[in-house]
Amino acid sequence: MLRDGFDSIIWLVIGLVFIGFAVTALVFAAMAREDAYRAADKQTKKFWLILLGINLALNLLLPMLFLQIAGLIAAIVFMVDVRPAIRQVSGGGGGRRGGGSSSDGPYGPYNGGR
């Protein structure tokens, strides 16, 4: 009896994680500019919004594991392939605010000891 309650809690947590990841991917897809998708040579913004929106709807309405896993794969592809490419062409990559190069140190550019 106790095991059934534990299993239910585990499946609830897994479902919430899938939904949270789907929402996150959809928000990131919506925030990116349309021309960034073309510049990164990826599918269109409309394509990703539809795919990720369907993923979210299926996670909310039909919590069947194989559909959730298929949607999770689509969201993972967006987050690890499409989003970094879009950020790179948009100038938002690297997390650096100053726009410096990767060879910049804390006190300015590294010049190789010259």
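Reader: How do you know what share of the contacts with a separation of 6 or more joins residues 24 or more positions apart?

Author: A contact means heavy atoms within 4.5 Å. Among the chain's contacts with a separation of 6 or more, 61% are between residues 24 or more positions apart. This is a predicted model, in which local features need pLDDT of at least 70 and side-chain atom pairs count only at pLDDT 80 or more, while totals for chains, interfaces and linings use all residues. Residues are numbered from 1 along each chain as its sequence is written, and side-chain values use heavy atoms, with hydrogens and water left out.

Reader: Where in the chain is confidence lowest, and where highest?

Author: On pLDDT (the predictor's confidence in each residue, from 0 to 100), strand S1, residues 104-105, is lowest with a mean of 62, and helix H3, residues 45-61, is highest at 92. The mean for the chain is 83, with 78% of its residues at 70 or more.

Reader: What makes up the chain, element by element?

Author: From the N terminus the order is α-α-α-α-β-β, that is, 4 helices and 2 strands. Both are DSSP runs numbered from the N terminus: helices are H or I with at least four residues, strands E with at least two.

Reader: Why is Lys45 called buried?

Author: Buried means under 20% relative accessible area, exposed over 50%, partly exposed in between (1.4 Å probe, protein chains only). Lys45 has 16%, so it counts as buried. This residue lies in helix H3 and touches Ala29, Ala30, Ala32, Glu34 and Tyr37, leaving aside residues up to four places away in sequence. Its C-alpha atom is 7.6 Å from that of Ala30, 15 residues away along the chain. Of the 114 residues in the chain, 22% count as buried.

Reader: What makes Asp41 exposed?

Author: Its relative accessible area is 70%, so Asp41 counts as exposed. Asp41 sits in the loop between helix H2 (34-39) and H3. Its phi is near 60°, a positive value in a residue other than glycine.

Reader: How do you know which residues of the largest pocket's lining are nonpolar, polar or charged?

Author: The lining consists of Phe28, Met31, Ala32, Phe78, Arg83, Ile86 and Arg87. Ala, Val, Leu, Ile, Met, Phe, Trp, Tyr, Cys and Pro count as nonpolar, Asp, Glu, Lys and Arg as charged, and the others, Gly among them, as polar. The lining therefore divides into 5 nonpolar, no polar and 2 charged residues. Helix H4 gives the most, with 4 residues; H1 (2-31) and H4 (65-90) each supply at least two.

Definitions and conventions. On a 1 Å grid over the protein atoms alone, a cavity is a set of points where a 1.4 Å probe fits but cannot get out, and a pocket is an open set with protein on both sides within 12 Å along at least five of seven lines; lining residues have an atom within 4 Å of a point.
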